[in-house]
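Hello,

Here is the structure I promised to hand over. Please open it and keep it beside this email while you read.

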Amino acid sequence: NDLADCLAELDINRTAWIEDESRNIGKVIIPGAIFESMSRAKVILIERPFGERVNRLLNEYGHFENRELSEIIIKISKRIGGDVAQAALKELELGDVRGAIEIILKYYDKTYAYGLSKRPEDNITRISIEDFKNLAFIKPAP
(Lines give C-alpha, C1' and ligand atoms only; values in the text may rest on other atoms or scores of the structure.)
Protein backbone atom coordinates (compact mmCIF):
# COMPACT_ATOMS: atom_id res chain seq x y z
CA ASN A 1 0.00 0.00 0.00
CA ASP A 2 2.83 2.40 0.79
CA LEU A 3 4.35 1.72 -2.62
CA ALA A 4 1.00 2.29 -4.36
CA ASP A 5 0.59 5.59 -2.51
CA CYS A 6 4.06 6.73 -3.59
CA LEU A 7 3.47 5.70 -7.21
CA ALA A 8 0.16 7.57 -7.28
CA GLU A 9 2.00 10.77 -6.32
CA LEU A 10 4.54 10.52 -9.15
CA ASP A 11 4.35 12.99 -12.02
CA ILE A 12 4.15 10.85 -15.17
CA ASN A 13 5.85 13.66 -17.10
CA ARG A 14 9.01 13.40 -15.02
CA THR A 15 11.67 10.73 -14.74
CA ALA A 16 11.49 8.53 -11.65
CA TRP A 17 14.80 7.41 -10.16
CA ILE A 18 14.74 4.01 -8.50
CA GLU A 19 17.63 2.24 -6.80
CA ASP A 20 18.55 -0.95 -8.63
CA GLU A 21 17.52 -3.87 -6.43
CA SER A 22 16.88 -7.56 -6.72
CA ARG A 23 13.29 -8.75 -6.78
CA ASN A 24 13.36 -9.27 -2.99
CA ILE A 25 14.42 -6.63 -0.49
CA GLY A 26 14.53 -8.59 2.73
CA LYS A 27 11.07 -10.13 3.06
CA VAL A 28 9.46 -7.60 0.71
CA ILE A 29 8.91 -8.56 -2.92
CA ILE A 30 8.89 -5.89 -5.62
CA PRO A 31 5.69 -6.27 -7.69
CA GLY A 32 6.33 -8.02 -11.01
CA ALA A 33 5.40 -5.16 -13.35
CA ILE A 34 7.61 -2.71 -11.47
CA PHE A 35 10.51 -5.16 -11.34
CA GLU A 36 10.22 -5.90 -15.07
CA SER A 37 10.23 -2.17 -15.81
CA MET A 38 13.29 -1.73 -13.60
CA SER A 39 15.04 -4.59 -15.40
CA ARG A 40 14.60 -2.87 -18.77
CA ALA A 41 15.49 0.61 -17.54
CA LYS A 42 18.75 2.40 -18.10
CA VAL A 43 21.18 2.21 -15.19
CA ILE A 44 23.37 5.02 -13.92
CA LEU A 45 26.17 3.33 -11.98
CA ILE A 46 27.99 5.77 -9.72
CA GLU A 47 31.36 4.24 -8.94
CA ARG A 48 33.14 5.13 -5.73
CA PRO A 49 36.52 3.80 -4.57
CA PHE A 50 36.33 0.69 -2.39
CA GLY A 51 38.18 2.37 0.50
CA GLU A 52 35.73 5.29 0.58
CA ARG A 53 32.81 2.89 0.67
CA VAL A 54 34.41 0.92 3.50
CA ASN A 55 34.96 4.15 5.44
CA ARG A 56 31.34 5.17 4.95
CA LEU A 57 30.09 1.81 6.23
CA LEU A 58 32.54 1.97 9.13
CA ASN A 59 31.16 5.39 10.07
CA GLU A 60 27.60 4.07 9.80
CA TYR A 61 28.03 0.75 11.61
CA GLY A 62 31.30 1.09 13.54
CA HIS A 63 29.60 2.43 16.67
CA PHE A 64 27.74 -0.85 17.22
CA GLU A 65 29.17 -3.36 19.65
CA ASN A 66 30.80 -6.40 18.09
CA ARG A 67 28.05 -8.56 19.60
CA GLU A 68 25.41 -6.58 17.70
CA LEU A 69 27.41 -6.70 14.47
CA SER A 70 27.86 -10.46 14.89
CA GLU A 71 24.10 -10.89 15.27
CA ILE A 72 23.53 -8.95 12.05
CA ILE A 73 26.08 -11.05 10.18
CA ILE A 74 24.49 -14.24 11.46
CA LYS A 75 21.07 -12.98 10.28
CA ILE A 76 22.37 -12.46 6.73
CA SER A 77 24.63 -15.53 6.68
CA LYS A 78 22.26 -17.49 4.41
CA ARG A 79 22.39 -14.67 1.89
CA ILE A 80 26.15 -14.05 2.00
CA GLY A 81 27.17 -17.68 2.47
CA GLY A 82 28.65 -19.50 5.42
CA ASP A 83 32.30 -18.97 4.42
CA VAL A 84 31.88 -15.22 4.02
CA ALA A 85 29.94 -14.96 7.29
CA GLN A 86 32.52 -17.01 9.20
CA ALA A 87 35.40 -14.93 7.80
CA ALA A 88 33.63 -11.69 8.79
CA LEU A 89 32.81 -13.06 12.25
CA LYS A 90 36.45 -14.02 12.72
CA GLU A 91 37.52 -10.45 11.91
CA LEU A 92 35.08 -9.18 14.53
CA GLU A 93 36.49 -11.62 17.09
CA LEU A 94 39.92 -10.13 16.36
CA GLY A 95 38.46 -6.65 16.88
CA ASP A 96 38.79 -5.71 13.21
CA VAL A 97 35.44 -4.18 12.24
CA ARG A 98 37.00 -2.72 9.08
CA GLY A 99 38.14 -6.20 8.02
CA ALA A 100 34.65 -7.61 8.56
CA ILE A 101 33.12 -4.80 6.49
CA GLU A 102 35.63 -5.34 3.69
CA ILE A 103 34.80 -9.06 3.49
CA ILE A 104 31.06 -8.45 3.32
CA LEU A 105 31.37 -5.55 0.88
CA LYS A 106 33.47 -7.68 -1.49
CA TYR A 107 30.66 -10.26 -1.44
CA TYR A 108 28.03 -7.63 -2.26
CA ASP A 109 30.21 -6.15 -4.99
CA LYS A 110 30.31 -9.56 -6.71
CA THR A 111 26.54 -9.86 -6.35
CA TYR A 112 25.94 -6.41 -7.84
CA ALA A 113 28.39 -7.12 -10.66
CA TYR A 114 26.51 -10.32 -11.46
CA GLY A 115 23.21 -8.45 -11.56
CA LEU A 116 24.68 -5.83 -13.89
CA SER A 117 26.11 -8.54 -16.15
CA LYS A 118 22.53 -9.58 -16.96
CA ARG A 119 21.77 -6.15 -18.41
CA PRO A 120 22.75 -4.93 -21.87
CA GLU A 121 26.02 -3.00 -21.53
CA ASP A 122 24.60 -0.11 -23.56
CA ASN A 123 21.92 0.35 -20.88
CA ILE A 124 24.60 1.05 -18.25
CA THR A 125 26.24 4.43 -17.84
CA ARG A 126 29.21 4.33 -15.49
CA ILE A 127 30.17 7.53 -13.71
CA SER A 128 33.00 7.93 -11.27
CA ILE A 129 32.21 9.89 -8.11
CA GLU A 130 35.20 12.03 -9.12
CA ASP A 131 33.22 13.09 -12.21
CA PHE A 132 30.52 14.46 -9.93
CA LYS A 133 33.03 16.53 -8.01
CA ASN A 134 33.94 18.27 -11.27
CA LEU A 135 30.39 19.11 -12.34
CA ALA A 136 29.47 22.79 -12.17
CA PHE A 137 26.05 22.22 -10.56
CA ILE A 138 27.64 20.53 -7.56
CA LYS A 139 30.24 23.18 -6.87
CA PRO A 140 29.14 25.65 -4.20
CA ALA A 141 28.03 29.06 -5.40
CA PRO A 142 30.57 31.88 -4.85
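E19 is exposed, with a relative accessible area of 61%. Exposed means over 50% relative accessible area, buried means under 20%, and partly exposed lies in between (1.4 Å probe, protein chains only). You will find E19 in the loop between α1 (2-9) and β1 (24-25). The C-alpha atoms of E19 and Y112 are separated by 12 Å, with the two residues 93 apart along the chain.

This is a predicted model: local features need pLDDT of at least 70, side-chain atom pairs count only at pLDDT 80 or more, and totals for chains, interfaces and linings use all residues. Residues are numbered from 1 along each chain as its sequence is written, and side-chain values use heavy atoms, without hydrogens and water.

Now look at N123. N123 is buried, at 15% relative accessible area. Its place is the loop between α7 and β4 (124-128). Helices (H or I, at least four residues) and strands (E, at least two) are DSSP runs, numbered from the N terminus. Beyond its neighbours within four places in sequence, N123 is in contact (heavy atoms within 4.5 Å) with R40, A41, K42 and V43.

Next, the core. A nonpolar core is a set of buried Ala, Val, Leu, Ile, Met, Phe, Trp, Tyr and Cys residues joined through side-chain atoms within 4.5 Å. The largest one has 13 residues, and I73, I80, A88, L92, V97 and I104 touch the most other members. α4 (66-75), α6 (82-93) and α7 (97-117) each supply at least two residues. α7 gives the most, with five. Take I73: leaving aside neighbours within four places in sequence, I73 is in contact with I80, A85, A88, L89, L92 and I104.

Best wishes
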